[in-house]
Amino acid sequence: MSESVGKSLPHESAQLHVTGEARYTDDIPEPIGTLHAAIGISEKPHARIRSIDLEPVRQAPGVVAVVSAGDVPGHNDIGIRDDDPIFADGLVQYVGQSVFGVAATTIEAARRAAKLAQIDYEELEPVLDIDSALEKQSFVLPTVVVDRGNARKAIDAAEQRLRGRVRLGGQDQFYLEGHIAFALPREGGDMLVYSSTQHPGEVQLVVAHALAKEAKDVVVECRRMGGGFGGKETQPALFACIAALLATKTGRPVKLRPDRDHDMIITGKRHGYRIDYDVGFDDRGRIEGIEFTLASLCGMSADLSGPVNDRTVFHADNCYYLDNVSITSHRCKTNTVSNTAFRGFGGPQGMFAIEYVVDEIARHLDLDPLDVRKANFYGIGERDVTPYQMTVEDNILHELIPELEESSDYRERRREIDAFNADSEYLKRGIALTPVKFGISFTATHYNQAGALIHLYTDGTVLLNHGGTEMGQGLFTKVAQVVAEELGIDVERIRCTASDTSKVPNASATAASSGSDLNGMAAQAAARTLRERLTAFAAETHGVPPEAVSFAGGKVQVGDAELDFAELVKDAYMARIGLSATGFYRTPKIHYDRETMTGRPFYYFAYGAAASEVMIDLLTGEYRVLRVDILHDVGKSLNPAIDMGQVEGGFIQGMGWLTTEELWWNPAGELKTHAPSTYKIPVAGDLPDVFNVRLLPSGRNNEPTIHRSKAVGEPPLMLAISVFHAIKDAVSSAGDHRLSPRLDAPATPEEILDALEELRRRLADAGERSGSGAM
């Protein structure tokens with residue numbers, strides 16, 4: 001019987017969170033002499049800098065130092081491909097690009113001074129959207145094509161055929177704690193950086209390169225973040241570098257915390273896409289051939305656009321077997337901020353694409369979309385190989401979907417909705433049930449590794465450190481539960497310490513939903529090493545075989561004797577037994593050929609499904625989400641309470657992406673939705689009136705992951721695709737489902753009204769051609 005794992009224990013910082021005692025980077029006490037920094041940014045999307053006068057900045061009240069490209073002693077770049085300078089050097093490529101940094105005695109003085117630079121620009125023609133980038137063949141990376149079978153031949157031979165286009169917007173991560181870096185110079189030119197980052201190891205290396213130092217000279221620490229969602233994977237390096245450069249120049253601690261507006265303007269977001277499709281299918285809706293062209297808005301540099309777009313390609317099948325398929329992936333270079341990681345990492349966009357197509361097929365054939373989805377599901381033992389040649393070995397769709405269909409009363413509610421819509425002139429309801437199959441592992445194989453460090457103290461308490469970072473998702477809690485289980489002690493006896501590059505080196509980013517999979521296994525390995533040492537010592541001391549030693553409930557059973565865990569640890573110390581251990585883990589089985597885009601990039605898949613019901617107002621385009629039923633697979637949960645929170649939160653965040661969160665740039669390339677006044681994330685009032693969330697009771701990972709659990713960070717976000725399609729269903733009902741509406745995402749009220757108007761026009765045209773009435 002498990003004592004810790006599988007229990008709904010509270011988050012390890014829950015009390016600190018609710019009392020306001022949790023210490024984030026901005027809460028760290030500032031040493032005497034601390035300076036505050038701000039960034040001077042470009043006001044043009046694409047221009048050469050003819051001249052720049054920073055003297056007004058230097059002369060501003062309170063200013064102590066100013067740095068720009070010429071002041072960087074090392075490498076003036078944070079980009080993965082050396083295409084993303086810390087400070088623009090002669091060329092600016094988006095509004096908001098960093099041009100210089102300023103340190104002053106107060107944050108207000110620094111921000112005011114940053115506005116005083118006099119910059120003379122020679123403006124160049126910008127590329128601001130996907131259509132323009134495609135027209136100009138402007139790409140940050142080469143186009144990728146994945147083919148299986150003969151899609152063109154299958155499409156041409158199919159009984160039915162559809163072509164179309166849909167646009168899918170990006171999304172700001174909108175973490176509650178914005179970006180922040182606090183750099184403290186130490187003796188000998190070393191640097192300590194407190195950074196709100198999902199990847200301390202990368203920040204360490206980038207800062208070292210900027211300072212012309214080595215990794216050993218820089219320590220990066222992060223105890224917790226107030227949210228990350230992928231936006232703190234590569235993006236923190238800019239703020240850390242500028243803070244460290246100013247700290248080096250002044251010899252004083254420097255804190256850099258942009259305000260929310262600058263944070264949103266400067267940093268990358270989820271990639272927006274233009275999705276074109278050509279699909280052939282039979283009269284049951286089964287896809288026989290499909291061609292996708294997926295073009296993404298990458299921004300001015302590559303950042304993580306390569307692996308993000310690769311994952312889009314890998315998830316353009318979602319739960320469906322595509323025998324003849326061709327996917328073309330364009331990575332468009334634009335004069336906008338470089339887009340980056342966001343929960344799902346490109347997977348949601350690929351799933352959105354295929355779900356849109358399946359829904360269009362169903363409406364074309366006048367079939368229930370759920371039936372068309374079922375007709376295309378991966379099989380078990382047949383029709384089970386993905387377009388990238390990975391066999392789906394853990395398919396549970398045929399168990400999960402019928403269970404949700406029944407528990408949500410999907411069929412009965414659809415009949416009720418049809419009856420309601422027939423009698424309601426201005427309010428229309430819609431419903432959709434959509435599935436999720438999400439691959440778990442970094443597609444960059446070398447990131448699938450983790451380390452951990454455990455200290456046992458003579459009072460029986462444990463200090464735990466690992467390479468993962470805590471951003472509210474409960475990783476530290478889950479890993480502590482794993483260690484408590486191995487040592488047979490209460491989780492209260494364990495303290496997790498800040499992620500720290502001087503304790504666990506070369507750690508991968510906490511991303512790709514792999515935090516518990518990787519760090520849990522590494523910590524388990526370290527704990528087992530210590531348990532084995534203690535077991536051998538106890539067995540030798542008491543003259544019993546090792547199998548007669550067991551750990552549980554804070555006690556150690558040694559044959560017929562029972563010891564307190566702390567007592568055994570103290571005795572082991574006195575016998576000079578090592579009480580510190582490291583652990584390491586690397587994910588098995590995975591391999592991936594980047595050139596052919598084939599292999600096994602994922603260790604396993606996580607599954608889920610959601611049924612959502614909405615109501616829209618035909619006069620205003622406003623809508624309400626009335627009910628949501630979710631059934632999600634987390635394997636054997638490490639902590640059901642935390643996993644439930646991840647499912648609920650991920651769904652709501654996905655709902656925001658597809659409904660309310662609209663990024664809008666004006667013709668001058670300026671992002672105008674850069675604050676909560678104009679950028680609308682979901683709030684408490686947007687929650688569904690009825691919100692039924694369950695974890696799949698029979699869940700168990702086929703692979704030997706940590707206690708047979710499954711990742712839960714990213715997969716639930718895609719459940720919200722059901723909300724978009726419920727809205728589309730409601731819009732369709734306004735025309736008695738005679739034509740499928742043209743609805744782009746996010747489905748804001750304005751977009752819904754546009755879709756309704758476009759539907760009316762097409763119905764009127766169809767009515768004129770047939771001589772019948774229209775909507």
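Which residue is the bridge partner of Leu-184 in strand 10? The bridge partner there is Leu-192, and the pairing to which the two residues belong is taken up again under the sheets below.

## Basis of the description

The structure is a predicted model, in which local features need pLDDT of at least 70 and side-chain atom pairs count only at pLDDT 80 or more, while totals for chains, interfaces and linings use all residues. Residues are numbered from 1 along each chain as its sequence is written, and side-chain values use heavy atoms, with hydrogens and water left out.

## Domains and their contact

The protein is divided into domain 1 (31-125 + 173-266), domain 2 (273-443 + 595-770) and domain 3 (449-586), the bounds coming from an automatic or database domain assignment. Between domain 1 and domain 2, the centres taken over C-alpha atoms are separated by 37 Å. To their contact (heavy atoms within 4.5 Å), domain 1 gives 24 residues and domain 2 gives 26 residues.

The area buried between domain 1 and domain 2 is about 2,200 Å², and carbon and sulfur atoms give 61% of it; buried area here is the accessible area, found with a 1.4 Å probe, that two parts lose on being put together, summed over both. Across this interface of domain 1 and domain 2 the rule finds 0 salt bridges, a salt bridge being a side-chain nitrogen of Lys or Arg within 4 Å of a carboxyl oxygen of Asp or Glu.

## Two open sheets

Helices (H or I, at least four residues) and strands (E, at least two) are DSSP runs numbered from the N terminus, and two strands pair if DSSP finds at least two bridges between them.

Another open sheet has 3 strands in the order 4-2-6, with antiparallel pairing. Strand 4 (91-92) and strand 6 stand at the edges with a single partner strand each, so one side of each is left without a neighbour in the sheet. Strand 2 is joined to strand 4 by 2 bridges, the two running antiparallel, and Arg-48 stands opposite Leu-91 in strand 4.

## Strand 15 and its neighbours

Strand 15 (residues 325-333) is largely enclosed by the rest of the structure, because 8 of its 9 residues are buried; buried means under 20% relative accessible area, exposed over 50% and partly exposed in between, with a 1.4 Å probe and protein chains only. Strand 7 (residues 139-148) is joined to strand 15 by 7 bridges in an antiparallel arrangement, in which Val-146 has Ile-327 as its bridge partner.

Strand 14 (residues 287-299) runs parallel to strand 15, with 9 bridges joining them, and the bridge partner of Ile-290 in strand 15 is Val-325. Together with helix 9 (residues 305-314), strand 14 and strand 15 make a right-handed β-α-β unit, where right-handed means that, with the strands pointing away from the viewer, the path from the first strand over the helix to the second runs clockwise.

## A buried histidine

His-632 has its place in strand 28 (residues 623-632) and is buried, with a relative accessible area of 0%. Residues up to four places away in sequence not being counted, His-632 touches Tyr-607, Gly-608, Val-647, Arg-694, Leu-695, Leu-696, Val-712, Pro-715, Pro-716 and Leu-719.

## Salt bridges

By the rule given above, the count comes to 59 salt bridges. One of them joins Asp-120 to Arg-50, with the closest N and O atoms 3.4 Å apart, and this pair links distant parts of the chain, since Asp-120 lies in strand 6 (residues 118-123) and Arg-50 in strand 2 (residues 47-53), 70 residues apart. Asp-120 counts as partly exposed at 34% relative accessibility, whereas Arg-50 counts as exposed at 52%.

Arg-762 and Glu-758 also meet through their side chains in a salt bridge (2.8 Å, N to O), and they are separated by about one helical turn because they are 4 residues apart in helix 19 (residues 749-770). Salt bridges that share partners join a set of residues into one network, including Asp-359, Glu-360, Arg-363, Lys-728, Asp-729 and Arg-742.
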